[in-house]
Amino acid sequence: MKSKTTRQIAIIGLFTAMAVALHIAEALLPNPVAVPGVKLGLANLITLIMLFMYPFSWTLEVVLLRVVIGGLLTGLFFSWAFLLSLAGALTALVVMAALRKLPRPPSVIGVSVAGAAAHNIGQLAVASLMVQQQVLLFYLPILLVSAIPTGLLIGVAAKFLLDRISPLGLQ
Amino acid sequence: MVKIKKWFHRTDVWIFAVLLFAALLLWLVPHLATESTKQATAEIYVDKELVETIVLDLEQNQAQQYTVKGAIGDVTIETKDGQIRIKEAPCNDQICVHTSWIKNQGQVIVCIPSHLLIQLKNGADDDGTDTTVY
């Protein structure tokens, strides 16, 4: 593995800290909807911003660090909730990165909505494997529709942030 | 330098359309395929093992309770009027309890912390045809 520059270490550290903070904040919030998996996805905001500013490998590193540290801090490390959050975060990351590579890539908001949906699909896939029944797919329509408002919110937030962060020359 | 001028892009429309269409399709298929008039049989699984099968009697006026041992403790299941629900579960989120009563074939209640699943199948007067499509 190539050795990292000080700048890269600093940026990954900074974004990991923010992602962990959002991850914990979200875990502390009570879920307003009595449907599993319907949540805002605050930590995805960091993944989203990083995808637009930094190489994929940096983003992957932050996502993995965030899920592990977040898991340790919420006391859910290697529990079923940890595995679900890992599956969701990675699926979202892969789908969002792939969409960015399209010849006509979607906007930040489009990427965010697709990421939210991918997160839910990934989580449900792992949950189905864990319960060993594909009937969990009954939740999928609710989760897909709920990805639209939550993805929109996070996407708009990311758009505002990117417009303000990019002039700072943090690349 | 990242410069994103537009809020939306044409590709976004496809993302929204695909999501809504997939959701509609996935929602419609089980709903069109289930019948509510027939008596259903509830199958209770823990860790994929079938632990109990309960025939839901539409005329059952008196609530009846069952206790099933889940992965993190006992789960209390209740049946009444051809419906079934999880009355009490030891999990934190109580999602299974909030699912409340189910009665149609194909409906499910899941408690992931307990590794427990209740699935409604065709009733006793099963004609051998699958009416539920996943």
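Guide: What follows is a set of questions about labels, each answered from a value and a cut-off. The model is predicted.

Visitor: What makes A:Phe82 a buried residue?

Guide: A:Phe82 has a relative accessible area of 5%. Buried means under 20%, so A:Phe82 counts as buried. A:Phe82 is found in helix 4 of chain A.

Visitor: Which residues is A:Phe82 in contact with, leaving aside its neighbours within four places in sequence?

Guide: They are A:Val67, A:Val68, A:Gly71, A:Leu76 and A:Phe77. Each has heavy atoms within 4.5 Å of A:Phe82, because that is what contact means. As for A:Gly70, its C-alpha is 8.8 Å from that of A:Phe82, and the two are twelve residues apart in sequence.

Visitor: Why is the pair A:Glu61 and A:Lys4 called a salt bridge?

Guide: The N to O distance between their side chains is 3.6 Å. The cut-off is 4 Å, so the pair qualifies. The pair links distant parts of the chain, with A:Glu61 in helix 3 and A:Lys4 in the segment before helix 1 of chain A, 57 residues apart.

Visitor: Are A:Glu61 and A:Lys4 buried or partly exposed?

Guide: A:Glu61 has a relative accessible area of 24%, and A:Lys4 has 31%.

Visitor: What makes B:Asp81 and B:Lys80 a salt bridge?

Guide: Their closest N and O atoms are 3.4 Å apart, and the limit is again 4 Å. B:Asp81 is partly exposed, at 30%, and B:Lys80 counts as partly exposed, at 29%. A search of the whole structure finds five salt bridges over all chains.

Visitor: How many salt bridges are there between chain A and chain B?

Guide: The count between chain A and chain B is zero. There are three residue pairs in polar contact between the two chains.

Visitor: What is the make-up of the side of chain A that touches chain B?

Guide: Its residues divide into 31 nonpolar, six polar and three charged. In all, 40 residues of chain A are in contact with 34 residues of chain B. The two chains bury about 3,400 Å² between them, 79% of it on carbon and sulfur atoms.

Visitor: What is noted about the phi of B:Asp47?

Guide: B:Asp47 has a positive phi of about 50° although it is not a glycine. Most residues other than glycine have a negative phi. B:Lys48 also has a positive phi, of about 70°, and is not a glycine. B:Asp47 lies in the loop between strand 1 and strand 2 of chain B, and B:Lys48 lies in the loop between those strands too.

Visitor: Why are B:Asp47 and B:Lys48 called partly exposed?

Guide: B:Asp47 is at 47% relative accessibility, and B:Lys48 is at 48%. Exposed means over 50% and buried means under 20%, so B:Asp47 counts as partly exposed, and so does B:Lys48.

Terms used
Residues are numbered from 1 along each chain as its sequence is written. Chains are lettered from A and ligands numbered from 1 in the order in which they are written. This is a predicted model: local features need pLDDT of at least 70, side-chain atom pairs count only at pLDDT 80 or more; totals for chains, interfaces and linings use all residues. Side-chain values use heavy atoms; hydrogens and water are left out. Buried area is the accessible area (1.4 Å probe) that two parts lose on being put together, summed over both. A polar contact is a pair of N or O atoms within 3.5 Å; within protein, one must be able to donate a hydrogen and the other to accept it, and residues adjacent in sequence count only if both atoms are side-chain atoms. Ala, Val, Leu, Ile, Met, Phe, Trp, Tyr, Cys and Pro count as nonpolar, Asp, Glu, Lys and Arg as charged, and the others, Gly among them, as polar. Helices (H or I, at least four residues) and strands (E, at least two) are DSSP runs, numbered from the N terminus. Buried means under 20% relative accessible area, exposed over 50%, partly exposed in between (1.4 Å probe, protein chains only).
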